[in-house]
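Welcome! Try each task yourself before reading on.

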Amino acid sequence: MAQDLPPESIIIADWHRCAESKDFFNRILHKKKRKQFGLLESPMMAPHVAVETVQYKVFLSGKSGVGKTSLAARLAGLSSPNMHYETTGIETIVLYWPVKLRENGRVLFFRLQLWDCGENALRRFDHFLPSCKEQVDAVLFLFSFTDRTSFDDLPNQITRWSGPSNRIVKMVVGTKFDLFMHSDVTQREVRQFQDTQGLPVLRTGGEVSDGLGDVAPFLNCLAERLWNQDCMAATLPSGPTHYREGALI
């Protein structure tokens, strides 16, 4: 679904395949499928197991039809809609993803709240975009390899999220990468975009499986950048502002 993390990454990329991770990942599974968590729900671990939870708000940005709703569903282990429909308002999905830090062996549960808002709704209701921007930690800018206009619109999408604060993780996601025979965007153009904008470009597409390996590369990459951003913010006077075990840090 996305590129694997480099060997020098701060989290262990293939930890979901290790035996010691089984108990943690079982907490987000039910009958070998992903559990669906409500806003007030969380994985329940045994009292003697030390684990911290970090919370992040992630917004999905992109033109209508690029696959924002499908990507959110795929990352959360939900069924993608069979037919495309324009998201009429703001939809949110909560997912949990455990990772293990390479340096000290700490295990963290990443609580990711994915925000998806239809393009027309953003244009129609002035208060939607400020609500989406409020306390946001990361933005995923989506384009479709089969829709040239969505790729050309990326600079406008990025400009919309430009501001005085640099404490937002920004990543670009190219959907429908498997439909290379119908691609309107070349790999050379993607590389040029990465060099110009300085943003990573992840690629999604292909068959969806129920296994963790389908989403692990993507979620690990996102978790790595969010945690690295938190570590950098911790050196600032204000420090990071995410909850861990119910306490502000």
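**Exercise 1. The core**

Which residues have the most contacts inside the largest nonpolar core, and how many residues does this core have?

*Solution.* Keep in mind that this is a predicted model.

Step 1: The largest nonpolar core has 48 residues, and Trp-97, Phe-110, Leu-112 and Leu-140 have the most contacts inside it.

Step 2: Now see where the core comes from. Among the elements that give two or more residues to it are strands S3 (52–61), S4 (90–100) and S5 (107–117), along with helices H2 (68–76) and H8 (216–233). The largest share, eight residues, comes from H8.

Step 3: Apart from this core lies another one, of 23 residues, including Phe-59, Val-136, Trp-161 and Leu-199.

Step 4: Zoom in on Leu-140. Leaving out residues up to four places away in sequence, Leu-140 touches several others, among them Val-58, Leu-71, Met-171, Phe-218 and Leu-222.

A general idea to take along: in soluble globular proteins, nonpolar side chains tend to be buried together.

**Exercise 2. The whole chain**

Work out how many helices and strands the chain has, and what share of its residues is buried.

*Solution.* Step 1: Counting elements gives eight helices and ten strands.

Step 1: Of the 249 residues in the chain, 47% are buried.

Step 2: The chain exposes about 13,200 Å², and 52% of that is supplied by carbon and sulfur atoms.

Step 3: Among contacts with a separation of 6 or more, 74% are between residues 24 or more positions apart.

**Exercise 3. A charged residue under cover**

Find out which backbone oxygens the side chain of Lys-57 reaches.

*Solution.* Step 1: Locate Lys-57 in strand S3.

Step 1: Lys-57 is buried yet has no salt bridge, and Glu-134, the nearest side chain of opposite charge, is 5.7 Å away. A salt bridge would need a distance within 4 Å.

Step 2: Turn to the backbone. The side chain of Lys-57 reaches the backbone oxygen of Ser-131 at 2.8 Å and that of Cys-132 at 3.2 Å.

Step 3: Widen the view. Lys-57 also touches residues including Gln-113, Trp-115 and Gln-135, with those up to four places away in sequence not counted.

**Exercise 4. Buried or exposed?**

Decide whether Val-201, Asp-153, Lys-31 and Gln-135 are buried or exposed.

*Solution.* Step 1: Recall the cut-offs: buried means under 20% relative accessible area, and exposed means over 50%.

Step 1: Val-201, in strand S8 (residues 201–203), has a relative accessible area of 4%, so Val-201 is buried.

Step 2: Asp-153 sits in the loop between helix H5 (148–152) and helix H6 (154–160). Asp-153 counts as buried because its relative accessibility is 16%.

Step 3: Lys-31 is in the loop between strand S1 (29–30) and strand S2 (33–34). At 73% relative accessibility, Lys-31 counts as exposed.

Step 4: Gln-135, in the loop between helix H4 (128–133) and S6, is exposed as well, with 68%.

**Exercise 5. Positive phi**

Find the phi of Lys-31 and of Gln-135.

*Solution.* Step 1: Start from the general rule that most residues other than glycine have a negative phi.

Step 1: Lys-31 has a positive phi, near 55°, and Gln-135 also has a positive value near 55°.

Step 2: For a glycine, look just after H2, where Gly-77 takes a positive phi of about 80°.

Methods: Residues numbered from 1 in each chain as written. Predicted model: local features only at pLDDT ≥ 70, side-chain atom pairs only at ≥ 80, totals over all residues. Heavy atoms only, no water. Helix = DSSP H or I, 4+ residues; strand = E, 2+ residues; numbered from the N terminus. Buried < 20%, exposed > 50% of the residue type's maximum accessible area, 1.4 Å probe, protein only. Core = buried A, V, L, I, M, F, W, Y, C linked by side-chain atoms within 4.5 Å. Contact = heavy atoms within 4.5 Å. Lys, Arg positive; Asp, Glu negative; His and termini not counted. Polar contact = N/O pair within 3.5 Å; in protein donor to acceptor, adjacent residues only side chain to side chain. Areas by Shrake-Rupley, 256 points an atom, 1.4 Å probe, with all protein chains shown as cover.
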